[in-house]
Protein chains: 2
Amino acid sequence: MQNDKIQNAIEKLKKAYACVIYDGNDREGEADLIIHAKYITPEWIERLRKNAGGLICLAIEPEIAKKMGLVFYTDILASSNFELKQMECKKTAYNDKPSFSIPVNHKEVYTGITDTDRALTIKKLAELAERAYKNEQTGTIQTGKGNLKGESIKQEFMRSFYSPGHVFLLIGRGIENRKGHTELALELARRAGMQGTMVLCEMLAPGRALSKKKAKMYAEKYGYPFLEGSDF
Amino acid sequence: MQNDKIQNAIEKLKKAYACVIYDGNDREGEADLIIHAKYITPEWIERLRKNAGGLICLAIEPEIAKKMGLVFYTDILASSNFELKQMECKKTAYNDKPSFSIPVNHKEVYTGITDTDRALTIKKLAELAERAYKNEQTGTIQTGKGNLKGESIKQEFMRSFYSPGHVFLLIGRGIENRKGHTELALELARRAGMQGTMVLCEMLAPGRALSKKKAKMYAEKYGYPFLEGSDF
């Protein structure tokens, strides 16, 4: 049984609304503007960069990330041959491990940074994730559009995208382990019965994070649900 | 002997003005808003994210990058143990290798993404680069503020910053090898006799890159020099 706030957010999420999630005063103290990746458009990328202003990231649920062969950026850095590996962030100032995986572009983009290019990269990733998610649910082998006969999700992912790119992939660590925007957003998708790929962008004010009060006002203005970490 | 356009840009650069550099129709076809890292402020980060809209990156000249122990992101990915290494971008759609090194935060930031945090990370990097640059010029060993006695630039860099962070470091490949915004911006710093750390951000319009015409109008409005790859 969901509480009313979560239930309302689930209904809105399914109707392609964005939502605003504030993590909590004891963590980043930050609100992110969030939308399910399947609804992303170039207009949405523009809105995220203008109205939120942070980094446009794509959070992916751990099961799907695993099928794609994604690992954490810190694991890549730590396994490399360079002295830079000692710079690996083990804990942020708010006491969590970072969620970053690799930054990617879809191979069909041009520079990768325009609204159109970033939307394309995310859209293609959401399509692939949808297939990964459905396979898991049904146990069937997908051989449809864009998927070579017998090609795995991982093979298709690695063939269709490259790194470095301009969409920053994040991997959820599960809400029981970490209560960051990554996990909160993915938990909302999970409760909505949707595959876990959520676009996130930090909401900024001049100099600092947008206050909780102003983030809430923004959400109300557009009819977006406003959630806090403690609602989950 | 510099041409007049470059000479004017050098004078403005030294007075803490930004400049707009358009690479060329045969390359990205993109204008970047650029400022020397030593002049960065939180207000400047805000201006870059609002008026430009792309990724806020810090281009570093190869000699300084080497002193810091920086390498290209693609080299890190390629030397890792993961299947993801096959996703390494060898050439972009506009036919160049990417300039990305690693993304970093200074250890004193909180989330790393706010205007204040990004300005702090860049400012601290510019200060370190300034010392690296002066050592090179004078051959003396720097033991001043923030630099432990006998500590190398590389040791100080790796002790003071962590990765992943929210400022994307780029390494120049030299203007004779690549004529991207990274190299053009660093070449301008070099000709101005300034150390090579330049903050760059792609100028975007709804859906696509800002047109050359509009980028030029923006530069004129604020009194910023407008340069093209062919001016160098």
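Helices (H or I, at least four residues) and strands (E, at least two) are DSSP runs, numbered from the N terminus. This is a predicted model, where local features need pLDDT of at least 70 and side-chain atom pairs count only at pLDDT 80 or more, while totals for chains, interfaces and linings use all residues. Residues are numbered from 1 along each chain as its sequence is written, chains are lettered from A and ligands numbered from 1 in the order in which they are written, and side-chain values use heavy atoms, with hydrogens and water left out.

Start with B:T114, which lies in the loop between strand 4 and helix 5 of chain B. Leaving aside neighbours within four places in sequence, B:T114 is in contact (heavy atoms within 4.5 Å) with A:L204, A:G207, A:R208 and A:A209.

Two atom-level distances to check on screen:

| Pair | Distance |
|---|---|
| B:T114 side chain to B:D117 backbone nitrogen | 3.1 Å |
| A:K154 to B:E83, salt bridge, N to O | 2.7 Å |

A salt bridge here is a side-chain nitrogen of Lys or Arg within 4 Å of a carboxyl oxygen of Asp or Glu, and the interface of chain B and chain A has 2 of them.

Now the whole interface: 58 residues of chain B touch 58 residues of chain A. The buried area (accessible area, 1.4 Å probe, lost on putting the two parts together, summed over both) is about 4900 Å², with 67% from carbon and sulfur atoms. B:L84, B:M87 and B:Y110 supply 14% of what chain B buries against chain A, more than any other three residues.

Note on methods:
A polar contact is a pair of N or O atoms within 3.5 Å; within protein, one must be able to donate a hydrogen and the other to accept it, and residues adjacent in sequence count only if both atoms are side-chain atoms.
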